[in-house]
Amino acid sequence: MPDKRPYIITIDGPGGSGKGSLAVQVARKLNFHLLDSGAIYRLAALNAMQNGIDLKQESKVTASLEKLDIRFEIGDELSIPYLNDVDVSEQIRLESSGEAASVIARYAGVRKHLLGLQQGFFQDPGLVADGRDMGTVVFQQAKFKFFLLASVEIRALRRYKQLIGMGLSANIDRLRSDISARDERDKNRAESPLIPAVDAIIIDSSLLDLEQVVDLVMSHINEVNELVE
Ligand code: C5P
């Protein structure tokens with residue numbers, strides 16, 4: 001029986017597990033489109049804050065999405081996120097934006113509104129989508145599902161290096177506690193909690209570098225598919 005599932009590769013996992021960098025590399029190798037769904041939640045939170053909305057006010061946050069004007073442009077390395085025609089790449093990478101995103105990501109109305117928007121990223125020849133619920137909710141029919149893990153310690157260190165590399169300030173203890181708090185919020189929420197899909201391949205990247213994880217993912221894909229390289 002031919003495999004009729006769409007050419008979608010989902011990569012879910014907690015913040016700082018390396019899924020974003022992994023998704024970029026895999027998309028490049030396959031020449032697929034890319035969806036950074038976390039960026040969409042970050043943009044939605046930033047939009048609400050720019051409209052002076054208290055993120056605790058679920059109905060106001062949800063209503064603010066009616067006028068959400070976002071787009072991504074292909075940059076040299078990564079895609080550049082725009083909110084109301086303004087490049088907000090730096091702003092949305094701040095830890096505070098991740099926190100804000102995880103607050104509004106609990107709201108059912110927000111998730112419902114962003115669902116179709118995310119599904120619209122699927123185009124030929126295929127898509128690599130990273131986030132928390134790509135395999136469990138948004139792209140349940142994906143051909144390949146991966147769930148990336150890494151210890152809190154390693155993730156805090158990676159985030160630290162990433163922020164310093166971007167010329168931003170960072171504090172490792174603060175990052176560690178922020179990451180743990182965000183994990184708890186993402187795992188314990190009622191709507192689309194962070195859990196691996198039943199058919200996901202779980203990879204612990206704590207002791208692996210990016211290249212090793214990319215190789216592992218590509219070997220899984222190659223095993224069942226003659227698509228690549
Ligand atoms: O992946 P990233 O750190 O950019 O995600 C920011 C926040 O957005 C996450 O902590 C999570 O609460 C939310 N998110 C989500 N579902 C996704 C992607 C992100 O709830 N698919």
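Let's start at the ligand. Three helices each supply at least two residues of the shell around it: α2 (37–50), α5 (95–104) and α9 (172–188). Which helix gives the most? That is α2, with 4 residues. Keep in mind that this is a predicted model.

Now the make-up of that shell. There are 17 residues around the ligand. By class, 9 are charged, 4 are polar and 4 are nonpolar. The ones that come nearest are R42, R111, R132, R182 and D186.

Take D133 to begin with. An N or O atom in its side chain is 2.9 Å from a nitrogen atom of the ligand. Then S37. Here the distance from a side-chain N or O atom to a ligand nitrogen is 3.0 Å. Then K19. Its side chain places an N or O atom 3.3 Å from a ligand oxygen. How much of the ligand's accessible area does the protein cover? On its own, the ligand has 460 Å² of accessible area, and the protein covers 98% of that.

Back to helix α5. S102 lies in this helix. Is S102 buried or exposed? Its relative accessibility is 4%, so S102 counts as buried, the cut-off being under 20%. The side chain of S102 also has a partner. A polar contact of 2.5 Å joins it to the side chain of R185.

On to helix α6, residues 108–119. R111, already named among the residues that come nearest to the ligand, is one of the buried residues of α6.

Last stop, a strand. Y82 is in β4, which covers residues 79–83. With a relative accessible area of 14%, Y82 is buried, because that value is under 20%. Now pair Y82 with Y107. They are 25 residues apart along the chain. How far apart are their C-alpha atoms? The separation is 23 Å.

Definitions and conventions: Residues are numbered from 1 along each chain as its sequence is written. This is a predicted model: local features need pLDDT of at least 70, side-chain atom pairs count only at pLDDT 80 or more; totals for chains, interfaces and linings use all residues. Side-chain values use heavy atoms; hydrogens and water are left out. A residue is near a molecule or strand if one of its heavy atoms lies within 4 Å of it. A polar contact is a pair of N or O atoms within 3.5 Å; within protein, one must be able to donate a hydrogen and the other to accept it, and residues adjacent in sequence count only if both atoms are side-chain atoms. Accessible areas come from the Shrake-Rupley method with a 1.4 Å probe; for residues, only the protein chains shown count as cover. Ala, Val, Leu, Ile, Met, Phe, Trp, Tyr, Cys and Pro count as nonpolar, Asp, Glu, Lys and Arg as charged, and the others, Gly among them, as polar. Buried means under 20% relative accessible area, exposed over 50%, partly exposed in between (1.4 Å probe, protein chains only).
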